[in-house]
Amino acid sequence: MSSSHLPATTDSIAQALEAKTPSEAISILYHVIENPASAPDALRIKEQAITNLSDLLRQENRAEELRSLLTQLRPFFALIPKAKTAKIVRGIIDDVAKIPGTSELQISLCKEVVQWTRAEKRTFLRQRVEAKLAALLMENKEYSEALNLLSGLIKEVRRLDDKLLLVDIDLLESKLHFSLRNLPKAKASLTAARTAANAIYVPPAQQGNIDLQSGILHAEEKDYKTAYSYFFEAFEAFNALEDPRAVFSLKYMLLCKIMVSQADDVASIISSKAGLQYVGPELDAMKAVADAHAKRSLKLFEIALHDFKAQLEEDPIVHRHLSSLYDTLLEQNLCRLIEPFSRVEIAHIAELIELPVDHLEKKLSQMILDKKFAGTLDQGAGCLIIFDDPKTDAIFPATLETISNIGKVVDSLYVRSAKIMA
């Protein structure tokens, strides 16, 4: 880049738009930004040039140049209102986020911006960049650092009573506690987010986020019917905005249907008008799981997990619930297989259910300890011995009830005698 500059006029912007290559357009826009003119019209043109340059650098995946652009623009930020500065800074950070594989760069960039905003006393911008930094740290699994950052930020924002930012931060804190498996704190943070959201107008995308998090927490508590209604609300919000998160809301809706043994509804939801828009691997994965559940087939379940590993096992929310579903399905199949026997070889059951013997032994011992059936493992002979269900003698409960009634009579007589003696 040479030290020469171009006039900050609409002609220069038009020249950049007509450039034959992105590199040429980027060079022209840099020269426009370098123009030292500080007249209102020139500043407005330079703002437009920065927006165009940021878009071009993002399209060219030049993340490091976006970072250096932010540093280079600091003298320019002193000439324009703080609100416009905040818009440009957040826009450039968002552009870096759209470039794949830049999570580390985004974290270091946000930290640089936070230091600069502290020095410049730009509180409004700093709080929003710190919230973005906490979200990035959470995605990077640096939970303790993210939590420390949020705890200080929440106190500060509550003092200022910035409700919209408070909704963002409380929601982020809820996701963070959920990632740390602290369900009570996750629910408390979500309640705080809802309380703040009720006092102001919340954009539909943010309301969808709140509903999505509510659904996730209810699903974690095995309240799948309530979770389904929240996921449906989130899906409607994201679908109206054509937000890519709509497909995940729909996926979790299908998961809830499977978990409440209504797998037959999955096909009808996918084939509905709204569902057909999102047909793809995410929904195909849930359909395969629903088919396996409907047929109570462990083999089909394992095939679905193998064929759709990215959609099922790499999604932590789906994976957690499917692990529980797999265990339930396995227990149901085992109970059905061992029902006709009083003594059976473990190897024979393993062959029938198509599982390794050592894995099956562990599962059977767990089921015996959990009292899913009465029996014992004879590992020396490699057999499972199943006992008949012990029948409870009806005389024992009746005797206990009689003794309890006699106790009440004695207590009543004691009270009466105490009154007479008094």
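**Notebook: helix pairs, core and loops**

I began with helix 8 and helix 9, which are roughly antiparallel to each other. The model I am reading is a predicted one.

**Entry 1. Helix 8 against helix 9.** I looked up the ranges: helix 8 covers residues 123-139 and helix 9 covers residues 143-160. Their axes lie 9 Å apart and the packing angle is about 150°. I noted the hand of the crossing as left-handed.

Next I listed the contact. Helix 8 contributes Thr123, Arg126, Gln127, Glu130, Ala131, Leu133, Ala134, Leu137 and Met138. From helix 9 come Tyr143, Glu145, Ala146, Leu149, Leu150, Leu153, Glu156, Val157 and Leu160. I sorted these contact residues into twelve nonpolar, two polar and four charged.

**Entry 2. Helix 10 against helix 11.** I moved on to helix 10 (residues 163-179) and helix 11 (residues 183-198). Their axes come within 8 Å and cross at roughly 165°. Helix 10 and helix 11 are therefore roughly antiparallel to each other. The crossing is left-handed.

On the helix 10 side I found Lys163, Leu166, Val167, Asp170, Leu171, Glu173, Ser174, His177 and Phe178. They meet Leu183, Lys185, Ala186, Ser189, Leu190, Ala192, Ala193, Ala196 and Ala197 in helix 11. This contact divides into eleven nonpolar, three polar and four charged residues.

**Entry 3. The core.** Which residues touch the most other members of the largest nonpolar core? I get Phe77, Phe301, Leu312, Leu322 and Leu384, out of 129 residues in that core. I then followed Leu322. Setting aside its neighbours within four places in sequence, Leu322 is in contact with Leu255, Val289, Phe301, Leu305 and Leu312. Two of these partners, Phe301 and Leu312, are also on the list of residues that touch the most other members. As background, nonpolar side chains tend to be buried together in soluble globular proteins.

**Entry 4. Positive phi.** I checked backbone angles, since most residues other than glycine have a negative phi. Asn61 has a positive phi of about 55°, and it is not a glycine. I placed Asn61 in the loop between helix 3 (40-59) and helix 4 (63-72). With 48% relative accessibility, Asn61 counts as partly exposed.

Lys121 also has a positive phi, near 60°. Lys121 sits in the loop between helix 7 and helix 8. Is Lys121 buried or exposed? At 69% relative accessibility, Lys121 counts as exposed.

**Entry 5. Thr102.** I found Thr102 in the loop between helix 6 (82-97) and helix 7 (103-120). Its relative accessibility is 7%, so Thr102 counts as buried. The cut-off for buried is under 20%. Not counting residues up to four places away in sequence, Thr102 touches Ala63 and Val96.

**Entry 6. Gly275.** I ended with Gly275, which lies in helix 16 (residues 273-276). At 1% relative accessibility, Gly275 counts as buried. Which residues does Gly275 touch, not counting those up to four places away in sequence? I listed Leu250, Ile269, Ile270 and Leu283. I also took a distance to Ala14: Gly275 and Ala14 are 43 Å apart in space, C-alpha to C-alpha, and 261 residues apart in sequence.

Note on methods: Residues are numbered from 1 along each chain as its sequence is written. This is a predicted model: local features need pLDDT of at least 70, side-chain atom pairs count only at pLDDT 80 or more; totals for chains, interfaces and linings use all residues. Side-chain values use heavy atoms; hydrogens and water are left out. Axes are lines fitted to C-alpha atoms, for helices over the stretch in contact, and angles run from 0 to 180 degrees between N-to-C directions. Helices (H or I, at least four residues) and strands (E, at least two) are DSSP runs, numbered from the N terminus. Angles under 35 degrees count as roughly parallel, over 145 as roughly antiparallel, 65 to 115 as roughly perpendicular and the rest as oblique. A crossing is left-handed if the near helix is turned anticlockwise from the far one by less than a right angle, and right-handed if clockwise. Contact means heavy atoms within 4.5 Å. Ala, Val, Leu, Ile, Met, Phe, Trp, Tyr, Cys and Pro count as nonpolar, Asp, Glu, Lys and Arg as charged, and the others, Gly among them, as polar. A nonpolar core is a set of buried Ala, Val, Leu, Ile, Met, Phe, Trp, Tyr and Cys residues joined through side-chain atoms within 4.5 Å. Buried means under 20% relative accessible area, exposed over 50%, partly exposed in between (1.4 Å probe, protein chains only).
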